[in-house]
Amino acid sequence: MTSDVTTVPSDAPRPPRRGLSARARWAVPVAVGAVVVAGFAAAPLLADAGSAGLPDITAQQLVTQVLEAKPVPMSGTVVYTARLGLPDISSLGAVSGTVSPADPINLLSGSSTLRMWTDGAGRSRVSLLGATSEYSVVHDTTQAWTYSSKQDAVTHYTLSATDAAKLKAEQQKRAQTPVPGASELPTPSQAADQALSQAQQYSTVTLDSQTTVAGRGAYQLVVTPKTSGTLVAHIVVTVDAATYTPLRVQVWSTDNAKAPALEVGFTDVSFAKPSDAVLSFSAPPGAKVTEKTVTLPQHTDATKPTPSPTAGALPQNVTVTGTGWASVVEVRGVNVSALLSGNAAAAAAAARDLPHPPTAQGQDVVSQFMGGDGTGPSKSGSGLSASTLYDGLTKAVPGGRLLSSALVSVLILDDGRVLAGAVPGATLQQLAG
């Protein structure tokens, strides 16, 4: 990197602006500099295999420590890599130039570099980096911003005054008032036992050799499905030995034993508290700013446990076939045409008919994705139409379209049925009859 980059404080965010030169990039490790893929290949996240000289620990003890750990301030560089075998979506926007290197759509394939900061107490920033662009999400307790340098656009999300006061009151009550029935809640150790017991019903949970990630000693928890017929081979969660914070997650597919299908992990990390300047956000001059007011989900007193739904209860239009990792969910009556129509109102209405309808915030996201005002072609955050993305990610099969990846398959049928699971596409087609 050029010498002028070294003068930038390690925790300082790049000021949002329309034209971002290569000289003003984040100070990221050389190995993941300008060419993310090449840098990732040259410096894999797994720094050292074998023992890292850490104290011995059991799987149950590790899960307990993770559950007991409190959020901590941290910052660092994260490399995200997807090898899902999906079509190259970036090529769909190549002609119109709608997809930039710092576009979230690129998280579907290839490698991406992110910088993240959090104070561990409600303030955070995550920036997806390109050579001359960025996409950032900044969260500050009761408000949040998204910023796209490609579109030079900011969206500011805030709570209404009533909801902001309600949230503050609930947080204070939660901190000061004992939760009724708290003595009946499981301890972290009991919760770990329950989690492991449930996981072991369909999986084998073990510890792999100690390792080093981002220069820190870490333990590796491995979850391996017992179920046959699933696309998931195993999942590895690497946990920092000092703070018990996950530093890396790898999801391996049965299609590829040489590299994980999904991998996200730190290449450098610090547990120092980020400065206020990092966690603050100001819209750059000239950027288009859209204000959005969101509402809190409707729920009862925050100090009272939320009743859980009846075990095994499913919506009438949903069925589950199979068990464990090979389970397939079938949803009937899905209006795919409305979701792809470009009409925001129709898309939001169709989303409400799904098994887990989105909240008001989620419906707003659907509305933005589908075109905002409901006129013209539906657009994603990348500027690509939803139908273009749909056609690019799926292929025509008898009776509908199929999305196949290294970890999950989704079959969308013309009769309104949608089947999904961590199984091969052929399994879904067979179940669909």
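Biologist: How does valine 329 count: buried, exposed or partly exposed?
Modeller: This is a predicted model, in which local features need pLDDT of at least 70 and side-chain atom pairs count only at pLDDT 80 or more, while totals for chains, interfaces and linings use all residues. Residues are numbered from 1 along each chain as its sequence is written, and side-chain values use heavy atoms, with hydrogens and water left out. Buried means under 20% relative accessible area, exposed over 50%, and partly exposed in between (1.4 Å probe, protein chains only). Because its relative accessibility is 35%, valine 329 counts as partly exposed.

Biologist: Which residues form a nonpolar patch on the surface?
Modeller: A patch takes residues with over 30% relative accessible area and no salt bridge, joining like charges within 9 Å and nonpolar side chains (Val, Leu, Ile, Met, Phe, Trp, Tyr) within 5 Å. Areas come from the Shrake-Rupley method with a 1.4 Å probe, and for residues only the protein chains shown count as cover. With about 230 Å² of accessible area together, the members are Leu314, Val320 and Val329.

Biologist: In which strand does valine 329 lie?
Modeller: Helices (H or I, at least four residues) and strands (E, at least two) are DSSP runs, numbered from the N terminus. The chain has 10 helices and 18 strands. Valine 329 belongs to the strand of residues 328-331, β14.

Biologist: What does glutamate 330 meet in a salt bridge?
Modeller: A salt bridge puts a side-chain nitrogen of Lys or Arg within 4 Å of a carboxyl oxygen of Asp or Glu. Glutamate 330 also sits in β14, and its relative accessible area of 14% makes this residue buried. The partner is 87 residues apart, in the loop between β17 (409-413) and β18 (418-421). At 3.8 Å, N to O, glutamate 330 meets arginine 417.

Biologist: What is serine 148 in contact with, leaving aside its neighbours within four places in sequence?
Modeller: Serine 148 lies in strand β5 (residues 143-148) and is buried, at 10% relative accessible area. Contact means heavy atoms within 4.5 Å. The residues in contact with serine 148 are Glu134, Tyr135 and Ala153.

Biologist: Why do the buried residues of α9 lie on the same side, and what arc do they cover?
Modeller: In helix α9 (residues 386-393), Ala386, Leu389, Tyr390, Gly392 and Leu393 are buried. The arc is that of the directions from the helix axis to the C-beta atoms. They are on the same side of α9 because around the axis they cover an arc of only 170°.
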